[in-house]
Amino acid sequence: KEWNLDIKQFGFAGGSAGTPLSSYWAMKMKDCKLYIGCNGIYDFTNNLPKGSFPGKNPYLRNIGTEERAKEISSALLVPKNNPPAVLVVHGTADTTIPYQQSEALCDAVEANGGKTIRLIYPYYTHGFFNKNASDKYEEIILEMFRFAKEVFNLK
């Protein structure tokens, strides 16, 4: 009440290491409306650097089993009905997390009837969306704002 918040209008966002947890909850929380992710990991079973599960991939070292990897992969947890609207940002020259991770999340959301925007930037590396890291910062922030306004039906 103090902040005049509508608890039925919420979303999650995360970048890089923050994407697995933020996207997980965006897919698991009932009535989540929005997810925005930058250079994220969304499927721990596929499209990871240095090969697929299990291998010696640093992103998988504490997961344990492929079954556990499936349980925490937001691209595999997209709700069948009314998934959150998703905007992803990723560079094709990202050698930390392949941009195919963002493509996989969007593909899963679209397959379940959801809306997505893919901001995939050719030749940009990991973290290019950060302030002062590239010429795309302002463009990306404005697109995120526009998308959130549209999803939440704000003026």
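A crossover between two strands is called right-handed if, with the strands pointing away from the viewer, the path from the first strand over the helix to the second runs clockwise. Helices (H or I, at least four residues) and strands (E, at least two) are DSSP runs, numbered from the N terminus. Here, β3, helix α3 (residues 100-111) and β4 build such a right-handed β-α-β unit.

This is a predicted model, where local features need pLDDT of at least 70, side-chain atom pairs count only at pLDDT 80 or more, and totals for chains, interfaces and linings use all residues. Residues are numbered from 1 along each chain as its sequence is written, and side-chain values use heavy atoms, with hydrogens and water left out.

Now look at the sheet. Its four strands form an open sheet in the order β1-β2-β3-β4, with parallel pairing. Because β1 (11-15) and β4 stand at the edges with a single partner strand each, one side of each has no neighbour in the sheet. From one strand to the next, the twist averages 5°; axes are lines fitted to C-alpha atoms, for helices over the stretch in contact, and angles run from 0 to 180 degrees between N-to-C directions.

Two strands pair if DSSP finds at least two bridges between them. Here are two of the pairs:

| Strands | Sense | Bridges |
|---|---|---|
| β2 (residues 34-38) and β3 | parallel | five bridges |
| β3 (residues 85-91) and β4 (residues 116-121) | parallel | six bridges |

You can find I36 with its bridge partner L87 in β3, while H90 stands opposite I120 in β4. Helix α3 lies across β2, β3 and β4 and runs at about 165° to β4, where contact means heavy atoms within 4.5 Å.
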